[in-house]
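Here's a quick walk through a few elements of one fold, for anyone who likes their geometry with the cut-offs attached.

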Amino acid sequence: MCFMAPTYQLSSVDGPCDQWATAVTTPRPAGQRGSRSGVPPLLPGNHQRADRQRCARNDSDQLRTTSSTSNILQLATGKMGLKTTIIGTVLATLAANPATAAQPRAARPIPAPMRNLVWGKLNFLHTTDTHGWHAGHLQESQYSADWGDYVSFAEHMRQKADDLGVDLLLVDTGDRVEGNGLYDASSPKGKYYYDIYKEQDVDVICTGNHELYIASTADREYERTVENFRGRYVASNLDYVKGDGERVEMAQRYRRFRTKNQGVEVVAMGFLFDFGGNANNTVVKRVGDVVREGWFQRLVREQEKPDLWLVIGHVGVQMEEFKTVFGEIRRWNGDAPILFFGGHVHVRDATSYDERSFAMASGRYFETIGWMSVDGAIKKAEDDPKGERGLSFHRRYIDNNLLGLYHHSGLNASTFHTEHGKNVTSMIAKARKELELDYTFGCAPQDYWMTRSPYPGPDSIYTLLEEEVIPDIAVNPKRKDVPRLVIANTGAIRFDIFKGAFTRDSTYITSPFLSVLNYISDVPYHAARKVIKLLNNAGKIMADAHMDNEFMAIPEQLSIRESIIYDTPANPFSEDGIQKPMGQHGHEEPFLVEGYTTRDDIGDDGDDALHSRINFYVVPNCIQSELSFPEEGEPETVDLVFFDFIQPWVLMALKFSGAVYTDKDVSLYVEGTFTELFAGWIEDNWPAKC
């Protein structure tokens with residue numbers, strides 16, 4: 001069930017804005033193709049894990065537009081008490097200061113109408129689920145800023161906070177690794193990433209589940225990231241097991257500090273959701289158990305209360321773990337402000353648990369930089385003559401591109417980039433060059449979408465896999481003539497393929513996992529044929545057996561249950577409460593380009609750039625290819641081939657179908673990871689040059 005925030009007054013008046021920033025996907029540049037003998041090897045990816053996600057919103061606030069010389073868009077006052085937001089659209093400043101993308105191959109951002117940031121006494125910048133995308137999105141202009149640009153942005157915003165006499169804190173809520181060549185393509189993994197990431201001055205940081213799947217990744221998190229952010233890394237429910245067997249806290253359980261300018265006393269904690277897939281050199285404690293531990297109870301009950309509680313976590317803001325922490329803090333801390341920064345769910349989202357709390361999550365893949373501000377009577381002893389101790393909260397989801405960063409910092413191309421930021425950008429460019437991430441395996445003849453187009457269909461990446469890729473790569477030479485069913489879960493794919501160069505980087509972006517093809521030989525066909533239906537349609541039956549089918553699918557579908565189809569281009573803010581992924585436009589002169597149109601529990605004015613909405617087509621948990629079947633009739637037995645990640649579900653589905661097998665009956669079907677096999681298929685089947 002979705003948690004709906006109580007109705008209360010949020011002062012959300014934004015000042016007029018006179019700038020535009022980015023918003024469209026531009027044509028993709030082609031990389032340089034080398035000889036086959038010179039192909040950089042694909043190093044191991046990462047085991048795929050579908051992420052839990054929040055439930056969908058169904059708020060009813062709508063955006064109206066009015067015609068005027070300043071192109072004013074007014075936000076209708078809704079049940080959350082939101083006031084009018086004004087957005088101006090003047091192009092003169094932008095024309096004089098065009099953006100130049102930081103990475104050499106990155107697409108240039110395109111202007112879009114903007115909303116300003118609202119400053120308060122205490123302000124935050126938030127990143128989460130960056131998954132190695134610290135070079136930015138080279139093929140998507142609206143997200144093309146890199147980590148160096150974020151370093152520059154943060155430095156300018158800290159200076160602005162000092163000038164205003166207020167505070168700015170940076171937080172990061174985990175899953176910084178796995179999902180991009182900048183992290184995955186090196187040996188060891190993260191060879192360049194750790195040094196690049198640490199250049200940002202993050203104030204409070206915690207762990208995500210992807211830091212914990214593989215023991216060596218957890219080792220590096222403890223040895224590198226925790227050490228790089230010593231005193232700022234918090235791990236309230238996570239322990240680490242050293243090589244000698246000693247179990248220690250991954251990092252301090254909480255951090256207590258005062259802010260620089262306002263002197264706000266903060267207690268910060270960092271949680272991970274109740275995760276069970278971690279490597280055996282880590283221990284994740286259930287959040288419900290941790291809040292009953294002595295250290296936590298002493299902290300929340302002590303007489304010397306902080307001014308504000310800051311809870312960060314790799315937890316969706318709609319998930320029970322955060323609500324559990326909130327309930328226990330509130331129980332002993334009356335009207336203290338409690339702020340939450342979440343992650344894990346790969347969406348832009350915000351909510352409140354009561355009138356003096358606020359929670360936000362800031363998307364995925366370094367597409368979004370989150371902004372939160374708090375104003376009013378934050379400190380315990382602060383003057384509040386009416387005794388109301390009123391607070392106001394604001395949030396913005398910043399599209400990560402240079403035009404937007406220029407706008408929000410009040411700078412331009414000649415004044416924005418700091419020496420520190422430029423040095424980090426150079427570090428990234430050097431790492432990408434050394435990793436040969438621009439090496440091209442082939443030229444994609446078209447865009448292939450995960451959810452932007454229907455499955456099955458000619459533009460679906462899953463149809464491409466089912467009808468073209470899997471029939472070619474799922475071949476065991478000794479059993480190539482044996483009829484086989486090949487099942488792949490849709491969660492194995494994590495990103496679209498864009499028309500143009502498919503590079504070494506693209507392989508990790510599309511499928512960053514260590515998935516291999518396993519099989520069970522000679523399975524009775526009457527049982528094997530039922531497996532795909534059980535994986536896709538028997539969620540309740542499988543859940544009763546403690547096998548949640550949703551974890552096989554793409555993360556987005558844990559909140560979006562039905563396809564969302566629009567017949568014509570429309571107002572950028574939806575009426576159904578569902579966040580839409582980014583996309584391309586197909587109109588010569590659109591009023592708004594397509595992109596995130598977020599509606600959360602607070603309203604629909606969170607996105608900093610205005611976009612038009614796009615379609616979302618639900619896909620099944622799994623797809624299946626039938627190979628080497630007889631021309632007539634049905635085979636008596638088949639080889640049942642499947643991605644190793646879904647092996648537990650396949651075995652359970654076979655059991656329900658009357659065919660009992662165990663892990664001992666499973667063997668490797670073909671050598672190589674799916675990522676490697678897919679890259680090889682592209683090189684053999686797509687043109688060398690674009």
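This is a predicted model: local features need pLDDT of at least 70, side-chain atom pairs count only at pLDDT 80 or more; totals for chains, interfaces and linings use all residues.

Residues are numbered from 1 along each chain as its sequence is written, and side-chain values use heavy atoms, with hydrogens and water left out.

Helices (H or I, at least four residues) and strands (E, at least two) are DSSP runs, numbered from the N terminus.

## Helix 15 and its cover

Helix 15 spans residues 647–656 and is mostly covered, with seven of its 10 residues buried. Buried here means under 20% relative accessible area, with a 1.4 Å probe and protein chains only. The buried ones are Gln-647, Trp-649, Val-650, Leu-651, Met-652, Ala-653 and Leu-654. Their cover includes strand 22 (517–524), helix 13 (525–537), helix 14 (539–544) and strand 24 (637–643).

## How helix 13 crosses it

The axes of helix 13 and helix 15 come within 8 Å and cross at roughly 120 degrees; axes are lines fitted to C-alpha atoms, for helices over the stretch in contact, and angles run from 0 to 180 degrees between N-to-C directions. That angle makes helix 13 oblique to helix 15, because under 35 degrees counts as roughly parallel, over 145 as roughly antiparallel, 65 to 115 as roughly perpendicular and the rest as oblique.

Which residues make the contact (heavy atoms within 4.5 Å)? Helix 13 brings Ala-527, Ala-528, Val-531, Leu-534 and Leu-535, and helix 15 brings Trp-649, Val-650, Ala-653, Leu-654 and Phe-656. They divide into 10 nonpolar, no polar and no charged, where Ala, Val, Leu, Ile, Met, Phe, Trp, Tyr, Cys and Pro count as nonpolar, Asp, Glu, Lys and Arg as charged, and the others, Gly among them, as polar.

Over to the strands. Strand 5 has six of its six residues buried, with Leu-122, Phe-124 and His-126 on one side and Asn-123, Leu-125 and Thr-127 on the other. Strand 5 pairs (at least two DSSP bridges) in the parallel sense with strand 6 (residues 167–172) over six bridges, and Thr-127 stands opposite Asp-172 there.

Strand 5 also runs antiparallel to strand 17, joined by five bridges, with Met-372 as the partner of Phe-124. Strand 17 (residues 368–376) has seven of its nine residues buried and pairs antiparallel with strand 18 (residues 391–399) over nine bridges. Met-372 turns up again here, opposite Arg-395 in strand 18.

Notes
Buried means under 20% relative accessible area, exposed over 50%, partly exposed in between (1.4 Å probe, protein chains only). Contact means heavy atoms within 4.5 Å.
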